[in-house]
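User: I would like to learn how to read a protein model. Could you take me through one, feature by feature?

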Amino acid sequence: MGAFAMTGLLAQLLIVVVCFSQSAISKSKHDCIGDFPSDNKYLYRHGHKCYYFYFKEKADFSVAEKRCSKTRGRLAMVKSKDVNQFLHTTLEYTLSDDLPHKDKYFWIGLSDDETEGEYTWSDGSPLDDKYKNFARFKGPHNPFSIVQDCVAISVENGKWYDFKCSTLFLINEHRPYICEYNVSKHNSTTTRGPV
Ligand SMILES: [Ca+2]
């Protein structure tokens, strides 16, 4: 085979690889199920979940929770170090140019609003001992915990901080938030990472 033919073959191979990776990307985006904004700019896929980072429309915890469920998702549950690391890395590095500097905490789907000290995730499951990531003196060790029941993840260190759930008088608790969405079942074990 001449050098010219060889170059042609390599070019064809390159086209096939590029097309394949592009179709894999659009496929994984396509697999996220939810009524999130159509531009998909702040939608990321990790494992068998998709996460949308809402920071242009900040809200009290319960409003954020309702907005997630209205779009067929729920406030993000962070039940493993792996998911925590993914969300933190996305916030700190991938989205760093887009985030307003003052937005240092994003609501996640964890609160002890119903019973003080008993934290539950947005699907109703209890926070177990397998994975917890509260910042020092926050969560169960927070002296103000009785009035601080809703949890947000820090952009800077990925730790969890509990805050008051709602805005009251001059204390503004409007925060950005992260909703999670399912992936259509037949493709739930494929792509990983940002899409
Ligand atoms: Ca509390």
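User: How many helices and strands does the secondary structure of the chain come to?

Analyst: The terms come before the count. Helices (H or I, at least four residues) and strands (E, at least two) are DSSP runs, numbered from the N terminus. In this chain the secondary structure comes to three helices and nine strands. Read along the sequence, the pattern is α-β-β-β-α-β-α-β-β-β-β-β.

User: What is the mean pLDDT of the chain?

Analyst: This is a predicted model, in which local features need pLDDT of at least 70, side-chain atom pairs count only at pLDDT 80 or more, and totals for chains, interfaces and linings use all residues. Residues are numbered from 1 along each chain as its sequence is written. pLDDT is the predictor's confidence in each residue, from 0 to 100. The mean for the chain is 85, and 81% of its residues reach 70 or more. Over residues 15-27, however, pLDDT stays under 50.

User: What share of the 195 residues counts as buried?

Analyst: A residue is buried if 20 or more other C-beta atoms lie within 10 Å of its own, exposed if 12 or fewer, and partly exposed in between; the C-beta atoms are placed from the backbone. By that rule, 30% of the 195 residues of the chain count as buried.

User: Which residues of helix 2 are buried?

Analyst: The general idea first. An α-helix has 3.6 residues a turn, so residues three or four places apart point the same way. In helix 2 (residues 61-70), the buried residues are Phe61, Ala64, Glu65 and Cys68. They cover an arc of only 100° around the axis, so they are on the same side of helix 2. The arc is that of the directions from the helix axis to the C-beta atoms.

User: Which strands do the buried residues of helix 2 pack against?

Analyst: Packing is read from contacts: two residues are in contact if their C-beta atoms, placed from the backbone, lie within 7 Å. The buried residues of helix 2 pack against strand 3, strand 4 (74-75), strand 5 (105-111), strand 7 (150-154) and strand 9 (175-183).

User: How many residues does the largest nonpolar core have?

Analyst: In soluble globular proteins, nonpolar side chains tend to be buried together. A nonpolar core is a set of buried Ala, Val, Leu, Ile, Met, Phe, Trp, Tyr and Cys residues joined through C-beta atoms within 7 Å. The largest one here has 39 residues, and those with the most contacts inside it are Phe106, Trp107, Ile108, Ile178 and Cys179. Among the elements that give two or more residues to this core are helix 2, helix 3 (81-94) and strand 5.

User: What does Trp107 touch, not counting residues up to four places away in sequence?

Analyst: Trp107 touches Phe61, Ala64, Leu75, Cys150, Ala152, Arg175 and Tyr177. In strand 7, Ala152 is the residue that stands opposite Trp107.

User: How many bridges join strand 5 and strand 7?

Analyst: Two strands pair if DSSP finds at least two bridges between them. Strand 5 and strand 7 pair in the antiparallel sense over four bridges. Strand 7 is also joined to strand 8 by four bridges, again running antiparallel. There, Cys150 has Phe163 of strand 8 as its bridge partner. Four of the five residues of strand 7 are buried, so this strand is largely enclosed by the rest of the structure.

User: Where does Gly47 lie?

Analyst: Gly47 lies in the loop between strand 2 (43-46) and strand 3 (49-59). These strands pair in the antiparallel sense over four bridges, and His46 stands opposite Lys49. The hairpin has two residues between the strands, and Gly47 takes a positive phi near 60°. Gly47 counts as partly exposed because it has 16 C-beta neighbours inside 10 Å.

User: What is the phi of Arg72?

Analyst: Arg72 has a positive phi of about 70° although it is not a glycine. Arg72 lies in the loop between helix 2 and strand 4 and is partly exposed, with 13 other C-beta atoms within 10 Å.

User: Is Phe137 buried or exposed?

Analyst: Phe137 is exposed, because 11 other C-beta atoms lie within 10 Å. Phe137 lies in the loop between strand 6 (120-121) and strand 7, and its phi is near 65°, a positive value in a residue other than glycine.
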